[in-house]
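Here is a briefing on one protein model. Look over the sequence and the structure first; the notes follow by topic.

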Amino acid sequence: MRHVLIVEDDEMMLNKLASLLGEVPDLEIDKAHDEASARTFMAHKKYQIALVDIELGSGVQDRYAGMAITSELRLQGCIPLVVSGTGDDTLKGVAATLGGYDFVSKPFIEQDLLNKVLHALEWAAIKQMNQEPKTWPDGLTEAPDDPTKMFWKGKPLGLTVTELTLTRKLAKSPGVVIEYKGLQKSLKSGNSPSALSSHFTNIRKKFREVDPTFSHLVNAGQGYIWK
């Protein structure tokens, strides 16, 4: 059973999020409507992921209280997704700095939110159960304390979460063609062949910014392969 915490001061939104996540199998969902109730849950349980609204009320003390909760959840090993009705880019940057895995803007598209939650759960499984191989193809490494950061020949790649997921799928099975259908399941939204192709174009570009001779990611006709 995977444990998820939702921290949201709007009761209707809290129940909507809980109902939506209830569609995901094997989730135990706790609902907190303010900072105090969130901390009570956090003191007694460890969570794989959490959805945290930044603003938990209108008072000075409540404004951005979710930021502190997000930071503390990350320190506990949880993967938090930051939720806010404010789409400000600066706010997104602050949320990322404090350990937010992803940013969810309200109002949200339900399938997009579910995709982000499923991705977060996938990363939680990697961290918790150490499912990934200990070694990567020569030249590719990851930060020892953060599997969301990868390096090529010692230099950071700056891959997005989706790009990381796709790269890891190929790199953990070098020489094996991973079919399009399996790779498309890793996309947060827009799972068309053209969307997949666009992601791999961006991935190759980032590798080549570090190493202009990079040529390991190849379209093999039925899918992609780490050559």
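Val 83 has Val 104, in strand 5, as its bridge partner. Strand 4 (residues 79–84) and strand 5 run parallel and are joined by four bridges. Helices (H or I, at least four residues) and strands (E, at least two) are DSSP runs, numbered from the N terminus. This is a predicted model: local features need pLDDT of at least 70, side-chain atom pairs count only at pLDDT 80 or more, and totals for chains, interfaces and linings use all residues. Residues are numbered from 1 along each chain as its sequence is written, and side-chain values use heavy atoms, with hydrogens and water left out.

- Five strands form an open sheet in the order 2-1-3-4-5, with parallel pairing. Two strands pair if DSSP finds at least two bridges between them.
- Strand 2 and strand 5 are the edge strands, each with a single partner, so one side of each has no neighbour in the sheet.
- From one strand to the next, the twist averages 20°.
- Strands of a sheet pair through backbone hydrogen bonds, either parallel or antiparallel.

**Helices on the sheet**

- Helix 1 lies across strand 1, strand 2 and strand 3, and runs at about 175° to strand 2. Axes are lines fitted to C-alpha atoms, for helices over the stretch in contact, and angles run from 0 to 180 degrees between N-to-C directions.
- Helix 3 also packs on the sheet. Helix 3 touches strand 1, strand 3 and strand 4, and its direction makes about 165° with that of strand 3. Contact means heavy atoms within 4.5 Å.

- Ser 37, Ala 38 and Met 42 are buried in helix 2 (residues 35–44). Buried means under 20% relative accessible area, exposed over 50%, and partly exposed in between (1.4 Å probe, protein chains only).
- These residues lie on the same side of helix 2, because they cover an arc of only 140° around the axis. The arc is that of the directions from the helix axis to the C-beta atoms.
- Ala 36, Ala 43 and His 44 are exposed on the other side of helix 2.
- The cover over the buried residues of helix 2 includes strand 1 (2–7), strand 2 (27–32) and helix 3 (65–75).

**Asp 30**

- Asp 30 sits in strand 2. Its relative accessibility is 11%, so Asp 30 counts as buried.
- The side chains of Asp 30 and Tyr 47 make a polar contact (2.6 Å). A polar contact is a pair of N or O atoms within 3.5 Å; within protein, one must be able to donate a hydrogen and the other to accept it, and residues adjacent in sequence count only if both atoms are side-chain atoms.
- Beyond its neighbours within four places in sequence, Asp 30 is in contact with Val 4, Leu 5, Ile 6, Phe 41, Lys 45 and Tyr 47.

**Salt bridges**

- The structure has nine salt bridges. Each is a side-chain nitrogen of Lys or Arg within 4 Å of a carboxyl oxygen of Asp or Glu.
- One of them joins Lys 106 and Asp 53 (3.3 Å, N to O). Lys 106 is in the loop between strand 5 (102–105) and helix 5 (110–129), Asp 53 is in strand 3 (residues 49–53), and the two are 53 residues apart.
- Asp 53 is buried, at 5% relative accessible area. A network of salt bridges links Glu 8, Asp 53 and Lys 106.
- Asp 211 and Lys 153 form another salt bridge (3.0 Å, N to O). Asp 211 is in the loop between helix 8 (193–210) and strand 10 (217–219), and Lys 153 is in the loop between strand 7 (146–152) and strand 8 (155–156), 58 residues apart.
- Asp 211 is buried at 8% relative accessible area, whereas Lys 153 is exposed at 53%.
- Lys 206 and Glu 163 also meet in a salt bridge (2.8 Å, N to O). Lys 206 is in helix 8 and Glu 163 in helix 6 (residues 161–171), so the pair ties together parts 43 residues apart in sequence. Both Lys 206 and Glu 163 are buried.

**Backbone exceptions**

- Most residues other than glycine have a negative phi, and most peptide bonds are trans.
- The peptide bond between Lys 106 and Pro 107 is cis, with omega about -5°. Pro 107 is in the loop between strand 5 and helix 5.
- Asp 26 is not a glycine, yet has a positive phi of about 60°. Asp 26 is in the loop between helix 1 (11–21) and strand 2, and is exposed at 52% relative accessibility.
- Lys 153 is not a glycine either, and has a positive phi of about 55°.
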